[in-house]
Amino acid sequence: MAACDGEDNSGSEAVGLGCALELFKEHEEITQIIKQLPSVYRERSTLDITYERFVYILSQYQEQPHLLDPYLDTLLENLLNIGRDPNFHDGLRHKAFQFLYIITKVRNYKVVVRHLPHEVADVEPVLSLLAEQNPFDHETWETRYILLLWLSIIVMIPFHMERLDSNNKFNEGQKKPTMERIIDVIKLYLSVGDKVQDAAAFLASRFITRPDVKEVHLFSFLEWSLQILESDVSSMNGLNLQAGVLAALALLFKHGKREDVKGYGIEILKKVLGCGLMDSKSTVVRKMVLKLIQRIGLSFLPIKVSAWRYNRGSRSLTANLAAAHPLLPVNQGKSESEEHKTDEDYELPDEMEDIIEQLLNGLRDKDTVISVGEDQASAVEHLLEEWGVIDRSLELVLACVLKDCMGFSSGPDIAIFNQFYQSWEYMDQSRYETPTDLDKLNSLSTGIFSCTCHNVFGRRGILLPQYLEKVVPVILKALVYDEVRGNFSVGAHIRDAACYVCWSFARAYSPEILKPYVMEIAGALLVTSVFDREINCRRAASAAFQENVGRQGTFPHGIDIVTAVDYFAVGSRTKSYLKISAYIAQFPEYTMPLINHLLKRKVQHWDTSIRELTAQTLYNLTSTSPTFMVKVALPLLIPLTKGIDLCARHGGILAVAQIIHALANYARSNNQKIKDIVGAELITEIQNIPVILTEKKLFRGIGGELMRHAVCVLIEKSSLAALPFHELWDIIDLWQDILEQCLRYVEPDIRAYAVSALSALCIEYYGSCRPRYTKLLDSCLLHLKSTQQEARCGNALAIGSLPKFVFAGSVQKVIDGLVECATLIENESTWAESRRDAVKALSSVCQTIGGDLTLSEDGQHSKENIDRVYGCLLAGMKDYTLSNRGDIGAMVREAAMVAVQEVTLQVSKSDVLLITKEISSQLFCALIQQNVEKIDRIRLVAGTAFSTLLHSSPQVPNIPHRNDLVQVFSQDVCHKVNWAAPAETFPLFMMLLCLKTYTYSLLRGVCVSVGGLTESLVKYSRASLLFYLNSVQNDMDTFNYICETLLKVFKNNLGKDYVTIPFLKTVDHLLAAGVFTIFSSLVNHSFPLELLDLCWKEVAKSKDPQKIMAAIDVFCGLLQFPEVCGKRALTILAIHLCHRYPRIRKVTADKIYEALISYPEITSEDAADDVMTILSDTEWDVNVEVLRPIRNKLCELLGIPAPKSVK
């Protein structure tokens, strides 16, 4: 329901639903972008950014393109000035036309073309530009498209085309007349396969229908077109040309005068039908054939409006107000029917029957773009109406339409149709010679065509009110039509079309006519608005409901509901199901339609997510009608839980579980028991569901995962509902056994459902049974040592979800088990998920236990548990495990940061003295390091934890340099800063480098970021680090400490590629920026030499090209210290000139060449030219044995000893 009118509104002023913009506020920015286009064209990255910005801005006006109109002339003129200026580069001119196409796409070509300049002087330049184009260049099609559109308005100039050639004589070799040149352009571009073909067809319809051109070229063009249609089209180019010719012919019959094209209609129709184009494999060809056929048929008929059609009356607001206030003046004009009241007979060609038949066959086409096209439905209506046989033919077509709609389902629907079809026995079938012809008409293809026809018939007044009692039930069926095809369904387009029908009914019929159907239509539209799976259907139904409320005024509570069920609100499926439906259900008129639809249609829906939402929605709606849920819904759902249909069984169990929980809450609020409301019989049925599923072994196989999910939810909700199973230990044991199996299941979602269910089960049924919950806890702790990672994950989370009474006397045992599971072990390093879940469980257990966390096995208070917990969490924050999945340790670090925040807040409330100075120092150092590392998500979590603990109440004790931290990170700053944005956080954290407690952690984290790959991260982190280091160069003590710490970071992480490679890149950035230039004057300073030694130690035996190339950059950067380490750095670089990898040799030579240019003092002036020549002219990818003498000569020129092989 993209449009709200059946006519071609592509150039109209209509505003789309939900539009919120009021004016084109970015017009100045767009104008500036266009003006800057010539200056930014040469900068590729800037040009791409500019183009993306241009597209982004204009895309916001797709639903309100009319806001561009006041500025169109200026925008088009500025772009055309670039496009037609020969002094600009061809690429720049094409980019201007590309921008023009974006404007055209947003505003529509029919509007844009009216704003293009169209003077006589523009003809020749445009034709010349077209002559320069390559028709088959796919990179510049926008240029050709705009030029053809421009030419289509230029050719409308009110001068004879021959006058353009009045001063030219066309001898051999000279240009053709302008007419022929334009015809040649049209023929050329009708054969291309891109969007340019559409512009060529539009140009043809504009140009060839000119009075002076049609006399000369109309017949020849039509003759050429027919020859193309009859030619061989086995190639793709042939199909493209055929589609283009058909499009041009269809537009000719649309835009040409009736008297000009009517005479050619019969001949063209015979050729088209004779060529068998309707059997073409090309969808585009078949679509164009139907367009051409319908327009040929309309050219045979004069305009006639049937006086008998239903006319709702005046659509004028003034007239409607005058009806309520008789004193207001009203223009008493004749109605449309009165103006065209004529019933003269006129002859029609016999081909009309062929045209109708082809259109009806087209409506059965397998491609929706053909069968659903409203043009076809409108054409049928137009032809039948203007043919003068609408009284009988409409009945026949309507019968077929209804048959299609009722063909959505089988069984009772077919019987309904048969009864309905018998009521049409009076139809005049004499015009159909054989039963086969009638059968063809009766087999109109799909429901979407049926809905579109109903929409067209109703909106145009062709569908008389007496037919509504037959049509409305069919449309109501279409609103919920959904047919499963494998793992997907079809039917969304039918539901959308049915919403369109309801929308058109609101405009076509008066309230009195629709009054008998108001409740049915209103309920069905609301059901579709909130419960349809597809967003376009929900929005279409919402629009139709809004239209009916506004125009009919008879929908109950319409205004209240429209404010809630609007275009944007129904955009979220979850919100529609869980919130909007609950709001609607408070109105008693709509309660039962909503519930019934869920029970009959959505509980057994093919989409799992819909079934889950349905169950949750039934939970919300149970309170509106609890008696219905007990007496009708549950008896209806329980048989589904035992059926063979997997989707129905899954949805049924979920629905039963949610309804039982809701009924239990309802019972508690009324001081009743669930057994008294539901009854013993239904409770027994619910009790037997897991038993039956286990006996039938339905937890195995394809559907086993769904059954595990459903039963976990059933157990959880039954426990929350406190169903009376407290003494039925065989049932409880079965539930526990199912949940323990699910805790070991491979899918994380199933484990999560089992964890929730186990917690509810323990709270409700194990509270007074210590042996049972002790056995459960021991089982979970045992599985923490399982050889399956899934078992560890599920049981760890299960321990974290258990209630406090389960941990009585077992606190230390639980903490030890979880800490052991969360500890990184070499042969289990890739099991990051189990470590993450153990950390989460450890946090949950600490919060559950609270003040008892310090209790040991003997009941005495001890700090050992606190130390073990913090030791585990701090170790988790240092988990940088890498695998083929990437940085899998990140999930552990994230969980550890969340856990350390929760545990610290909990311990602070219990006893602040438990957080020692050592713990607090390690904690904040780790958090600060994570705040300057490379992953945005990690920085967000770390920043949140850092700010929360820094400003917590009660205050976390022993935070190092707390006053300094608060001065930089005040509460206002913490509330405003985006912790994931490097531009905001890095400048703040770099201010802490002067605090020696945090210097190491900051440098350890920031080096990874500066040497990272993300452009924005590198940009802001590098700028922040450079700014700080440059600011402290006058303070040599601080600067030296930072340099020493930098070397310490490198030394402590040698061999750890995830640190050393970005570290080397960071040092290269610092060397290139001249941060360490101060050491050039300090001959005895050890920093350059130590850095050189560490770099060589890291890469001496490395085979990683990325690491070696990063180190080569550092070695070259160290050449700026010739007195300290220049010779050694050159020697190492000379070694790499004969490296085993050719790529390394070439990079080394290039880098030495660049370094010699930057630091000429490292070699003598006499040898510099020879060194540069050798480096640049040598082919460094040849055999090493060939290169070694060249390298040795280079060493001699540089004054360093030649490297020797070491065996």
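Which residues do ring pairs link into a cluster? I looked this up in a predicted model, where local features need pLDDT of at least 70, side-chain atom pairs count only at pLDDT 80 or more, and totals for chains, interfaces and linings use all residues. Residues are numbered from 1 along each chain as its sequence is written, and side-chain values use heavy atoms, with hydrogens and water left out.

I found that the cluster consists of Phe924, Phe946, Phe969, Trp979 and Phe989, linked by ring pairs. For pairing I took rings of Phe, Tyr and Trp (its six-membered ring) with centres within 6.5 Å, calling planes under 30 degrees apart stacked, over 60 edge-to-face and the rest tilted.

I then noted that the structure holds 34 aromatic pairs. Tyr101 belongs to helix α4 (residues 90–107) and Tyr145 to helix α7 (residues 141–154), so the pair ties together parts 44 residues apart in sequence; helices here are DSSP runs of H or I with at least four residues, numbered from the N terminus. Tyr101 and Tyr145 are both buried, meaning under 20% relative accessible area with a 1.4 Å probe, protein chains only.

I also looked up Phe505 and Tyr509, whose ring centres are 5.6 Å apart with planes at 75°, so that pair is edge-to-face. Phe505 is buried at a relative accessible area of 2%, and Tyr509 is buried at 0%.

Last, I checked charges over rings (NZ of Lys or CZ of Arg within 6 Å of the ring centre and within 35 degrees of the ring normal). The charged end of Lys95 sits over the ring of Tyr51, 4.8 Å from its centre, and that of Arg1004 sits over the ring of Tyr880, 4.8 Å from its centre.

How values were computed. Helices (H or I, at least four residues) and strands (E, at least two) are DSSP runs, numbered from the N terminus. Buried means under 20% relative accessible area, exposed over 50%, partly exposed in between (1.4 Å probe, protein chains only).
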